[in-house]
Amino acid sequence: MDSTILAEFYKLSDIEKKQLQDQQFHSDFDTKSILKKKSVYKIPVFTEDFFKNQNIYISKHNRFAAYPTHTHTFLEMNYMLAGHAIEHIGKRDIQLNQGNILILDVGTTHSIEALSANDIMINIIFRNNIEFSLSSIQKLGQYNSIIYKFLPADDHLNKYLIYQSYHTKGPVQVIADAIIEEYFHPQKFSKMLIDSYLRSFLILLSRNTNLYSDDTIQKQIPNLVLYMLKEITKNPRDCNLNKLAEESSYNRAYLGSLFKKSTGLSFSEALTDQRLLDAYNMLISTKMPISEITEQVGISNKTFFYNKFKKKFHELPNDVRAEFK
């Protein structure tokens, strides 16, 4: 992050000066951006008036007072640039540390505890008419790993994705910082650059899609099965049940039975599924011949590959590749 911009974030805003003095929340609500059509709305519902012909709106979250419960009609991202924060989403308490990113779907109700002087949270909200939504992140995530199948969805009012710092370290944070820098210190072509960055940002987040955390997955799937799933996603070409049985010191038949009981898929079905996902990504991101792709992912029978690919993606490999030329 540019040191000049970071220094600006640490400066006290007018609202922060008031909140620091009396420790009370001072509204930063833009009355034109709040839905008030019906008295049924007991909490603020922010609308898209923020954007003013832009695809995103970025602001620093005001410190020193708790932010009350609210919701919104757009996708919101909270990026913890420095320090820590605690958000309440439904019945969940989410702690964000430096480098963490929390993405909140349209209609998600949440509140934020007071930030201290060393806590810098950046709010990025996304206009609904661009290709940046929770569903688009999730869709790309589905094409990345079979583990996504076993991530439980929350109720329709509390959908969110959380990325820990080890998910965002590197390119994700670099692009997030670049978007923020271009937004607050605009130069020639800044808007075009931001729009370009957003697409890359979406893809990078999708690569690391992890709903809630491994703890949530483990509530649904035994640790041993989660271990097997991760091994499948890490090295589907060479992964096999015999190898996992040897490494885990469990009986092969027991592993296969537990996997089927926990996931509803046989081990071989899950392995083939991941190999097809890898093949799909190679088709759209490389010029490698299909024969080499099948070899790379570990499927030797071409007829088997084409049949399974068509059944999963409803297209043949050549058709998929043609769409991305």
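**Salt bridges**

Analyst: R63 forms a salt bridge with E16, and their closest N and O atoms are 2.7 Å apart; the term stands for a side-chain nitrogen of Lys or Arg within 4 Å of a carboxyl oxygen of Asp or Glu. Because R63 lies in the loop between β2 (56–60) and β3 (67–72) while E16 belongs to helix α2 (residues 14–22), this pair ties together parts that are 47 residues apart in sequence. The helices (H or I, at least four residues) and strands (E, at least two) named here are DSSP runs, numbered from the N terminus. Both R63 and E16 are buried, where buried means under 20% relative accessible area, exposed means over 50%, and partly exposed lies in between, with a 1.4 Å probe and protein chains only. R63 and E16 also belong, together with K60, to a network of salt bridges.

Before going further, please keep in mind that this is a predicted model, in which local features need pLDDT of at least 70 and side-chain atom pairs count only at pLDDT 80 or more, while totals for chains, interfaces and linings use all residues. Residues are numbered from 1 along each chain as its sequence is written, and side-chain values use heavy atoms, with hydrogens and water left out.

By the rule given above, the count comes to five salt bridges. In general, side chains of opposite charge can pair when their charged atoms come close.

Another of these pairs joins D273 to K312, with the closest N and O atoms 2.7 Å apart. Since D273 lies in helix α11 (residues 267–285) and K312 in helix α13 (residues 302–313), the pair ties together parts that are 39 residues apart in sequence. The two partners can also be described by their accessibility: D273 is buried, with a relative accessible area of 10%, whereas K312, at 29% relative accessibility, counts as partly exposed.

An α-helix has 3.6 residues a turn, so residues three or four places apart point the same way. K234 counts as exposed because its relative accessibility is 62%.
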